[in-house]
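Please read it alongside the structure.

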Amino acid sequence: MAQALVVAAFVSPILFAALPQETIPDVKIHIREPLADSISSKAISRKVHAQRASEVTRKDEALNFEGTSSFDIKTYSLIVLILGLIIVFTRLIKNLLGLKGILRDSILIRNIGKIRILVSGEIKIPFSTLVGGSANIVLPTDVVGSRKHLQLIIRHELHHHRNGDTVWVLLMEVASC
């Protein structure tokens, strides 16, 4: 949903700009205040007069003080963009905290240079990560029993660190958001 909101915020203004001006409808949403039946006509005329006076002082605002307000496509796009970014960063922080939890609960079995090899019972697939300034390889507990499989998986995950794949994964996570 967050990705769809961000894409909509970027794509919709471009699409509207690409359309010929004759085909673009005047998109405005008018919200009117309901008038109470108990208000006298004098009170209504005083209220309208006061609202018109305040409208003169605030011409540059998008809010119309005659009891109506309107949203244009730029405002709509900005709202959608901000909402999408909030959802995206919330998801990113949630994923990062989950990863930090897995790393915190894992057991260190070995160090190879600056890379820590950890074992976790919470995962089923081994992965490499570069988070918090430390390089980690996290292995499921299932592979620890077989020395041959363990060495093969460690070599494979070390290859990811050598090639810089862990940095690209971080960039891809931000880009996918």
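At what angle do H3 and helix H5 pack, and how many Å apart are their axes? H3 and H5 (residues 165-176) pack at about 145°, with axes 10 Å apart. The contact (heavy atoms within 4.5 Å) is made by Arg91, Leu92 and Asn95 of H3 and Glu173, Val174 and Ser176 of H5.

This is a predicted model, in which local features need pLDDT of at least 70 and side-chain atom pairs count only at pLDDT 80 or more, while totals for chains, interfaces and linings use all residues. Residues are numbered from 1 along each chain as its sequence is written, and side-chain values use heavy atoms, with hydrogens and water left out.

| Pair | Angle | Axis distance |
|---|---|---|
| H1 (residues 2-18) and H3 (residues 73-105) | about 155° | 7 Å |
| H3 and H5 (residues 165-176) | about 145° | 10 Å |

H1 and H3 are therefore roughly antiparallel (angle over 145 degrees) to each other. Residues in the contact of H1 with H3 include Leu5, Phe10 and Phe16 of H1 and Val80, Leu85 and Arg91 of H3. By class, that contact has 15 nonpolar, 4 polar and 1 charged residues, whereas the contact of H3 with H5 has 2 nonpolar, 2 polar and 2 charged residues. Nonpolar here covers Ala, Val, Leu, Ile, Met, Phe, Trp, Tyr, Cys and Pro; charged covers Asp, Glu, Lys and Arg; the others, Gly among them, count as polar.

The protein chain has 5 helices (DSSP H or I runs of at least four residues) and 6 strands (E runs of at least two). Buried residues (under 20% relative accessible area, 1.4 Å probe) make up 24% of the 177 residues.

How values were computed
Axes are lines fitted to C-alpha atoms, for helices over the stretch in contact, and angles run from 0 to 180 degrees between N-to-C directions. Angles under 35 degrees count as roughly parallel, over 145 as roughly antiparallel, 65 to 115 as roughly perpendicular and the rest as oblique. Buried means under 20% relative accessible area, exposed over 50%, partly exposed in between (1.4 Å probe, protein chains only).
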